[in-house]
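Please prepare a briefing on the structure shown here.

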Amino acid sequence: MSRLVKVLIALLAITAFAAPAIAATIEFHGDLNNRFNLYTNKSGLYGTFGSFEKGVASTKRISKTDSNTTWGDIKYRLWTKASTNDGKVTGVYAIELGAMRFGRSGTGKSLGSSYSGDGLNIETRWAYTQFQLPGADSKAQVTIGLQPYMVNKFLWSETAAGVKFTTDMYELAWIRGKELFNSSTTTDSKLESGDSLSARFNLKPAEGVKLALFALYQHQNASSTASAIDAGKYSVKQLGDVDMNLYSFGVDGGLTSGTVFVKWDAIVQSGEFNNTGFTGINGTATGDFDLTAFLLHADVGVNLGASRVTFTSWYASGDDDDTDQDFNAFMSTDVDRFDSIVLMEGGYTDDNYGTERPYLLNKGMFLNKIAYDRKQTEKLKFGVSALYMMTAEDVEYIDDNSNAQSNSDLGLEFDAYISYKLYKNVEFALNGGYLVAGDAMDYFEVDRDGDGEENIYRITSRLRYKF
């Protein structure tokens with residue numbers, strides 16, 4: 001008997017024994033996103049992830065003279081989904097490469113696309129197991145691991161590790177965003193890590209109405225030498241080792257009646273940050289801090305055949321005094337906002353942006369946006385929008401001429417996009433934004449003279465294949 005025949009017999013035997021045990025459905029998916037920042041006149045704003053979120057000391061990102069640049073990058077995500085034939089157990093594992101700019105050397109995340117392309121740059125995006133509780137007639141799923149997690153799109157909506165229980169009406173979760181392992185043998189044990197408990201209840205009180213109530217408790221007991229809080233890093237995921245108790249309560253939902261639709265979000269926050277310091281843009285403080293803050297958001301729109309007109313407005317509260325013991329600025333945990341192409345993640349190279357949050361620094365934001373979108377054909381879509389943005393509280397600072405400045409006007413932005421399906425799963429898209437800078441943008445300029453005079457534009461595109 002030849003060696004080839006022996007190998008074939010062995011493979012058939014393995015298959016015969018394994019097939020009854022496998023009884024699973026295997027799926028393989030991908031999102032292969034090829035992106036280009038075709039042009040921007042202010043590359044300092046987009047050189048790093050979250051340029052406005054790097055701390056007060058590094059907020060000067062906008063040059064006096066134009067700093068023109070272009071780049072290409074790739075962001076590829078591949079994932080495998082394995083489910084039992086009855087669909088009661090599912091395992092998901094996803095990897096991600098990117099956003100890796102062409103020609104960017106080095107080893108690590110978003111690096112390694114220079115000569116030979118040998119960077120070690122693959123990251124785990126998802127890794128979780130989900131199963132239906134045995135004996136439950138309706139949906140009763142437990143999800144364990146690194147998973148998509150959403151409390152509210154303005155509060156916390158990102159990948160996180162923990163355990164989640166979901167039914168048709170409610171969701172309960174324990175999420176650990178940061179581990180601070182307690183290895184002490186000389187003091188009483190304590191829960192040090194950044195732990196979160198959340199509950200979300202989904203209701204349908206009437207036809208065409210969706211309503212959800214949610215609550216989030218976040219706790220961290222870091223150490224006796226806590227890190228200072230920086231106004232430029234004003235989000236939970238960037239707090240460092242800070243003693244914290246933070247409570248968020250809210251409601252979101254929507255209403256559809258004929259061609260008219262409304263969506264809303266309302267969140268109130270209360271909390272305390274103990275034994276720490278705060279570095280603001282116009283002063284510092286130390287000790288214990290109390291937080292009281294809120295966010296309100298609404299979309300109101302109308303569908304007109306193939307067209308849609310939407311008015312969006314939100315108000316995230318800000319802090320008007322950096323030197324007292326009160327925080328009045330709304331604080332997100334980990335979110336991605338795409339409303340602005342220039343200041344937020346609205347550009348298709350959305351890993352290089354000004355802010356991912358619905359506010360700037362600890363000054364909040366008041367945003368108003370009118371958008372027109374049209375689905376011309378099954379393949380072609382386009383749209384335009386105009387935004388007016390302000391901080392909720394004035395940005396107060398001393399300019400380079402030693403003059404005190406106090407401004408809230410971020411400016412007026414004009415955006416446009418067009419999207420075309422080359423094939424069923426392949427999209428080509430192009431968008432651009434132009435910000436007529438308001439005086440509050442002067443704080444982010446390299447030369448601070450009291451006037452926000454550096455208008456910013458950005459043009460991006462993508463070719464995206466999803467399967």
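The briefing below is arranged by topic.

This is a predicted model. A search of the whole structure finds 1 cavity of 30 Å³ or more, and the second largest pocket holds about 370 Å³ of space. On the surface, a nonpolar patch has about 1100 Å² of accessible area together.

**Second largest pocket**

- The second largest pocket, with about 370 Å³ of space, is lined by 22 residues, of which Trp156, Gly177, Lys178, Lys237 and Thr333 are the closest to its centre.
- At least two lining residues come from each of β6 (156-167), β7 (170-178), β8 (194-203) and β9 (209-220).
- Strand β6 gives the most to this lining, with 4 residues.
- By class, the lining of this pocket comprises 9 polar, 8 nonpolar and 5 charged residues.

**Largest cavity**

- The largest cavity contains about 30 Å³ of space.
- Its lining consists of Tyr149, Met150, Val151, Glu171, Ser198, Ala199 and Arg200, and the elements that give two or more of these residues are β5 (140-152) and β8.
- The lining of the largest cavity divides into 4 nonpolar, 2 charged and 1 polar residues.

**Nonpolar surface patch**

- The patch is formed by Phe36, Leu38, Tyr39, Phe102, Ile418, Tyr420, Leu422, Tyr423, Phe428, Leu430, Ile459 and Leu463.
- Two or more patch residues come from each of β1 (24-40), β18 (404-423), β19 (426-437) and β20 (456-466).
- Strand β18 makes the largest contribution to the patch, 4 residues.
- Tyr39, a member of the patch, lies in strand β1.
- Because its relative accessible area is 33%, Tyr39 counts as partly exposed.

**Backbone geometry**

- The peptide bond from Gly98 to Ala99 is cis, with omega near -5 degrees; Ala99 belongs to strand β3 (residues 89-101).
- Asn275, although a residue other than glycine, has a positive phi near 55 degrees.
- Asn275 is placed in strand β12 (residues 260-279), and it counts as partly exposed because its relative accessibility is 40%.
- Leu361 is not a glycine, yet its phi is positive, at about 50 degrees.
- The location of Leu361 is the loop between β15 (326-327) and β16 (365-375).
- Leu361 counts as buried because its relative accessibility is 2%, and the cut-off for buried is under 20%.

Terms used: Residues numbered from 1 in each chain as written. Predicted model: local features only at pLDDT ≥ 70, side-chain atom pairs only at ≥ 80, totals over all residues. Heavy atoms only, no water. 1 Å grid on protein atoms, 1.4 Å probe; cavity = no way out; pocket = protein on both sides within 12 Å on 5 of 7 lines; lining within 4 Å. Points joined across faces, edges and corners; volume = space filled by probe spheres on them. Nonpolar A, V, L, I, M, F, W, Y, C, P; charged D, E, K, R; others polar. Patch = residues over 30% accessible without salt bridge, like charges linked within 9 Å, V, L, I, M, F, W, Y side chains within 5 Å. Areas by Shrake-Rupley, 256 points an atom, 1.4 Å probe, with all protein chains shown as cover. Salt bridge = Lys/Arg side-chain N within 4 Å of Asp/Glu carboxyl O. Buried < 20%, exposed > 50% of the residue type's maximum accessible area, 1.4 Å probe, protein only.
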